[in-house]
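Here's a quick briefing to read alongside the model.

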Amino acid sequence: MDNVELSEVISDFAGLVGRVEETGERVCVVDGGEPTSVLLPAAELAELEHFAQRAHGGGHRPRSRSGLGQPFGPDPQGPYVRFVHADGGRITFVRDRTVVAELRSVAELEWLEDRARTARQGYMPPKQVAAFEEFLARQDPVGDGVAWIAGSWQNQEPFTELVFIKGRAAEDVALAYGADAQDIADGLLLHQVEERDAREGTDDLSRVLVFGEENGWTWLGYHDFDHAFSRSLDPPPEQQITLNATMAKAIYDFSYLEDGVYQNPFPIEDGAEDRRDMYELIWYTPGEAPFAPEAPLSFLNLHLRIAEKAGNWTDNIALFFEGLERAFGLALPRDAITSGNVRCARPAARR
């Protein structure tokens, strides 16, 4: 990348822009030898912006003045028209109504490149994504998976609510849901609650929050008979999957959220109210794709197809659960749950 002194740029904007347009190469503008801004082709900038806006975090975009003045309105520069942005640091050059180059401050460009680099690391073109997803879908579930609990879950045993949360520690989530801090500190186990119920005639077993961590997910299991526990986190987690069983009404629903945004609106019948709070598992029919190709959860169709071909389960809900295993890596510790050697806590309000 060549350097050009600010004084030369001011005297011959058109020549510099023409050079960038013809060669596709950036030019760094310096003032007294100190880099202040960069003139780069519009196509390159569009690519940087495309990836940068898809990266999480990174702080606020720098807005530095270029020191080139702030003329208002279109400013003809030979065959080009110059438009200075409101911040005075960004300038767009247009020829024949087409953007050909832009001037950005060094600080803003470095910020863009850093964010774009982060986003590109996880980028794959569509064909590669499809091949990679199929490869992942064919891998066996890690650990015990979750399909093993589908049958008892449909009968509301041992929990009516199963929640999987990404990016939060299990104890922190349990506390946020309203679990008793002392039970968590004491390391209360599920079998201890069961034994106390049998010994003292209490009924705490149906009012505890069971929790743990598997495969990078925090999982929760509980009954929601009296709304003793919260159903949400603030701020919302990176990903959250909720499975709810209401046996008396034959309602079994699944929801998936990313950063608190619901990803799987259920099919709407003609004339039905446009609700967006659940997806009924009874709508899933093996052999049919439950999510439209353009839907956010369309990738789950492939994992369900692989689960169907594997033939591990005949029950539709268990098959759906296996699809979730394969898509998200969900798992529940079977021996620990069935033996009661898993952590739990009572609602804080009940202590």
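This is a predicted model: local features need pLDDT of at least 70, side-chain atom pairs count only at pLDDT 80 or more; totals for chains, interfaces and linings use all residues.

Residues are numbered from 1 along each chain as its sequence is written, and side-chain values use heavy atoms, leaving out hydrogens and water.

**Cysteines**

- Cys 28 is buried too, at a relative accessible area of 5%.
- The structure has 0 disulfides, the cut-off being a pair of cysteine sulfur atoms within 2.5 Å.

**Aromatic pairs**

- Searching the whole structure turns up 12 aromatic pairs; rings of Phe, Tyr and Trp (its six-membered ring) pair if their centres lie within 6.5 Å, and planes under 30 degrees apart count as stacked, over 60 as edge-to-face and the rest as tilted.
- One of them is Tyr 256 with Phe 328: the ring centres sit 5.0 Å apart and the planes meet at 45°, so this pair is tilted.
- Tyr 256 is in strand β12 (residues 251-258) and Phe 328 in helix α11 (residues 316-328), so the pair ties together parts 72 residues apart in sequence. Helices (H or I, at least four residues) and strands (E, at least two) are DSSP runs, numbered from the N terminus.
- Tyr 256 is buried at 2% relative accessibility, and Phe 328 is buried at 11%.
- Tyr 279 and Phe 291 also pair up, with centres 5.0 Å apart and planes at 35°, so that pair is tilted.
- Tyr 279 belongs to strand β14 (residues 279-280), while Phe 291 is in the loop between β14 and α10 (300-310), 12 residues apart.
- Tyr 279 is buried at 1% relative accessibility, and Phe 291 is buried at 6%.
- Phe 254, Tyr 279, Trp 283, Tyr 284, Phe 291 and Phe 320 make up one aromatic cluster.

**Asp 204**

- Look for Asp 204 in the loop between α9 (190-200) and β9 (209-214).
- Asp 204 is buried, at a relative accessible area of 19%.
- Leaving aside residues up to four places away in sequence, Asp 204 touches Val 193, Arg 196, Asp 197 and Arg 346 (contact means heavy atoms within 4.5 Å).

**Helix α2**

- In helix α2 (residues 13-23), the buried residues are Phe 13, Ala 14, Leu 16, Val 17, Gly 18 and Val 20.
- Just after α2, Gly 24 adopts a positive phi of about 75°.

Definitions and conventions: Buried means under 20% relative accessible area, exposed over 50%, partly exposed in between (1.4 Å probe, protein chains only).
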